[in-house]
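Here is a short report on aromatic rings, a pocket and a strand pair. Keep the structure open while reading.

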Amino acid sequence: MKISTRTLFCTLVLLSIALFSQAAKIAVLESQSVHTLHNMDENWLATATNLGHDASIVEQSFLDDYANFADYDVIMTSSGLIEIPDNRKANLYQFIQNGGNVYIQSEYLVDLPGNTTFKYFADNLGNVFNWEGEATGQLAPMEISGELANSITDGTVMDYYWYGTYGSGDANFEAFLTHDSKSWGFLYCPPVMGYGKVVTTSDQDWVRIDAKNSLMVSIIEYLSQDNQLGTMPTVSIDATNSACENTYTFTATIENNLSGSQLQWQINGVPVSGATEDVYTTSTLQDGDVVECQISFAAACATYAHVSNPILIAPVNPLSTPELAIATDNPNFCQGQTVTFTTNITQAPDLSTATYQWLVNGQLIDGAVASSFASAQLNDTDMVSCQLNYIDDCGDAAQVLSNAIQVSVMAPINPSLAIIADLTTICQGQVVQFTATATDAGTDPIYQWQIDGQDVGTNSPMFTTSQLANGQNINCTVTTQETCSMTNEANSNTIMITVNDVIIPSIEIVASATTICTGQPVSFTANAADFGINPTFQWYIDGNAIGTNATSFTTSGLMNGQSVTCVLTANEDCYSSNAVSSDPISIIVTEDVMPTVSINSNANTVCPGQNVTIVAEGENHGASPEYVWTVNGVVLAENQATLSLENIQELQTISCELINNDACTSSNVISSEAITITVEELLVEVLELANENCSNADGLIEVMATGGAAPYTFEWSNASTENLLTDLTAGSYEVTVIDALGCTQSTSVQIEDLSGPEIATIDIIDADCDGRNSQVNISLSATTNNAEVTWKNDAGEVVFTGTNVQNLAPGTYEIDVTNEAGCTTTETLNIGQFTGVSLTVNDHVKMDLGTSARLETYVNTNDVTYEWFPADGLSCTDCPNPEANPTATTLYTVVVTNAGGCSATHEVLVQVVPKEDVFIPNAFSPNGDGINDFFTVYGGSNVAMIKNLRIFDRWGTEVYGNEDFMPNMEQEGWNGSFKGKILDMGVYIYFVEVEYIDGSTSVQKGDLSITK
């Protein structure tokens, strides 16, 4: 046997990894722009610097230009709340592609910037990751696992973790923070050679208060690993084998080996289970197999491999092996018969020492060691074979097994025959099929059918005939040719056939009408005879099936000339025809006509009380139509074509409905278009009326006619025919107006004789403090028209004309009112003046934050109003002396106004002096003696609440926390216990965030001792 080698593939790219051998360059993005307490950037900076790395805090705009951080190794985004625009995401993505590592701080909502940026990297790098939900409150204990947990020596549990988001991803995401079966932090390794890694956690408070420094150390060290590749290992193989044994030994040689690399032998590209050492031995190779060895190793986030040179197993010259075959001339025989088997050997080596051994069903037969074998004891399906034992070319004992022969041993058989018919009661001429079933008749029996003892049919197990008569008998005989049969012939049972006479069914149909209108329903009825039980009926229109299985059929969709038939199908035996059709009935359909109706009036516009006649007209009304009239929505049941309306007083809307009783109209009921009778009421309106003044015969009346139908005629009681009367004296005047329709309307107008003008009211508003803004309003009586009002001062000078005057100086005035008739009325009035306001207020008030002070005012009159502003911190804004309690220095303004509109304004500066009145004890004794058993925060009146209180032991484990509670409440503080157990004496760290009433906050940290 020989081996040859030949190259099958190109060698794969050879890669390896190396860790940083010096400090990493790290950029930490600032976070305090979100909140002054967000010092995550400083904590990351301090941790990285303590580890010996070159770290610095940079502005968020650092990410705007990739050139700013192209030579950095790690970027830390310390806050998940700061927006990362698309250009910065793209620059970070390029940084990862070039081998840079990134920490992304996620947050407590899945759509905040840190969360969406982490998912952006996964989506763009072709992996699957989703944030699945959010949780609030304390999420500790948080388990740390995986690669980051390997370097943590102070415990893999975080006792402080506040709010967060959880998610999941594909195989490239390793969860390292778990709580409540959910994952809150992830390592992301893009499966691309040379790409960087990404780490995220969804809570930033644990970093802000430095609750798990060892985890920060682990994250920084993980991200400080270099992702670029250096020298790569290779592997080559050679092989040896023995001359007579098919055993091969392969040896692998590795160059530039790296720690952690692995070998894997493979045959034809398939890995061999367990073959991972330098040397691989096998004896199962076949001609044409290809053997190779692969070396693989992990580099950053990807696994790389190199495959050795291939070794091809060349054609093999096998050992000389004999071939043994056995044969028999009778593998099928009857039970008890002797059968002989012989051997034939080809390609035989030296067989001088060879021996034979016969086997039945794989079992050795004692004494059967000759080159032939005979037996009369074999059973059906026994397998006979022979084994040749010999010495091969290498001197080793060998065996070869012959082919196996399965024998068929037939037991003695006794044939039998049974026949059946698909029908035994038939109609005359009906086809009947008979089937014979033979048992133990062999593979090629002979069949003979008989009717009443006479041979019929052919040599077949089936016989079909339609010539049977009533009472005839059918049987069959089978003859077998099997050698192991006890008898050669078997007779079947006999079947007698009953034959019935043929029946002829009939059907006719009648219609309810054969001449109809379009759409008129027609009913058809089928009358049948000799149809047996449960027949079926199928109706047809012009040959198209319609209707259901019924003796009647009704339709309203027939068209002129269509014909209707019905087919009767009987389900009884012995019918001449199971389906018979009726004679067709033809239908004559008369098309519908369309009636029309319209109405006309002898007058469409009338005077109130006039009579009107309306007539209905149209076509296709039929012999005896009915008319239903509707007036203003009310039906008048007058069955006549003419409608008379009397004494119309208002608008009338009239329509008519025609009911046609003829058979073939397209619509029996139609309605006319409505018409409107308009009642034009004649109206008379007085446009202008002027009474007589001072008996001067200067009265005037002007009227106007509207409605009705122009032109109009005017008839006055003084015989005038004009619409305008002038130079009238006092008295009553009547006018009658007649329009073109003859409608009339009358009205009466009264002219009065007016005396001098009358002043109804005088309203006076005195002048203000400066002698201005006075106002006088005069109202004249309704009977005073076109009067002139003149104002004179106490010197008789005219100073104003008109009824309303403003800004007259205080004093006495005479008012003359003269109408157009020359009549004058005189009144005298006096305009007064208000006095001013004097205001005194303290200009400056100084007070401590949380206290109050009274602001006092002094004025020279009691009839005033007060207005203070701004209103913040004041007990009232419309009182003279409010209490002021502002949270910051405030400038207040007060305006005092009297009834005359005189006002005075003054400002008061209230200076608020801040005071951080907070006391935090440095020790307490939680021993249950009722004295100093609790640790809490105490504060003065300027302290609004304690926003946050956290207690940590010296290893950084949070042992107590509370939020948003009032100061000075001991029961809200810490009782010295952790997980239900009072802690030992020692020193602890407290973290306190205080909020003051002015909205400002302060943070205090310090030591706290537990004593007993």
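Over which ring does the charged end of K89 sit? The ring is that of Y120, and the charged end of K89 lies 5.7 Å from its centre. K25 lies over the face of Y72, at 4.5 Å from the ring centre. A charge sits over a ring if NZ of Lys or CZ of Arg is within 6 Å of the ring centre and within 35 degrees of the ring normal.

This is a predicted model, so local features need pLDDT of at least 70 and side-chain atom pairs count only at pLDDT 80 or more, while totals for chains, interfaces and linings use all residues. Residues are numbered from 1 along each chain as its sequence is written, and side-chain values use heavy atoms, with hydrogens and water left out.

**Aromatic pairs**

Rings of Phe, Tyr and Trp (its six-membered ring) pair if their centres lie within 6.5 Å. Planes under 30 degrees apart count as stacked, over 60 as edge-to-face and the rest as tilted. By this rule there are 40 aromatic pairs. Two of them are tabulated here.

| Pair | Centre to centre | Angle between planes | Class |
|---|---|---|---|
| F62 and F69 | 5.6 Å | 40° | tilted |
| Y248 and F250 | 6.3 Å | 15° | stacked |

Buried means under 20% relative accessible area, exposed over 50%, and partly exposed in between (1.4 Å probe, protein chains only). F62 is buried at 13%, and F69 is buried at 0%. Y248 is buried at 0%. F250 is buried at 0%. F118, F129, W131, F173, F186 and Y188 form one aromatic cluster.

**The largest pocket**

A pocket is an open set of points on a 1 Å grid over the protein atoms alone, where a 1.4 Å probe fits, with protein on both sides within 12 Å along at least five of seven lines. Lining residues have an atom within 4 Å of a point. The largest pocket holds about 470 Å³ of space, the volume being that filled by probe spheres set on the points. Its lining has 19 residues, and H38, W162, D205, R208 and E963 lie nearest the centre. By class, six lining residues are nonpolar, five polar and eight charged. Here Ala, Val, Leu, Ile, Met, Phe, Trp, Tyr, Cys and Pro count as nonpolar, Asp, Glu, Lys and Arg as charged, and the others, Gly among them, as polar.

**Strand 62**

Strands are DSSP runs (E, at least two residues), numbered from the N terminus. Side chains alternate along strand 62 (residues 713-716).

Definitions and conventions
Helix = DSSP H or I, 4+ residues; strand = E, 2+ residues; numbered from the N terminus.
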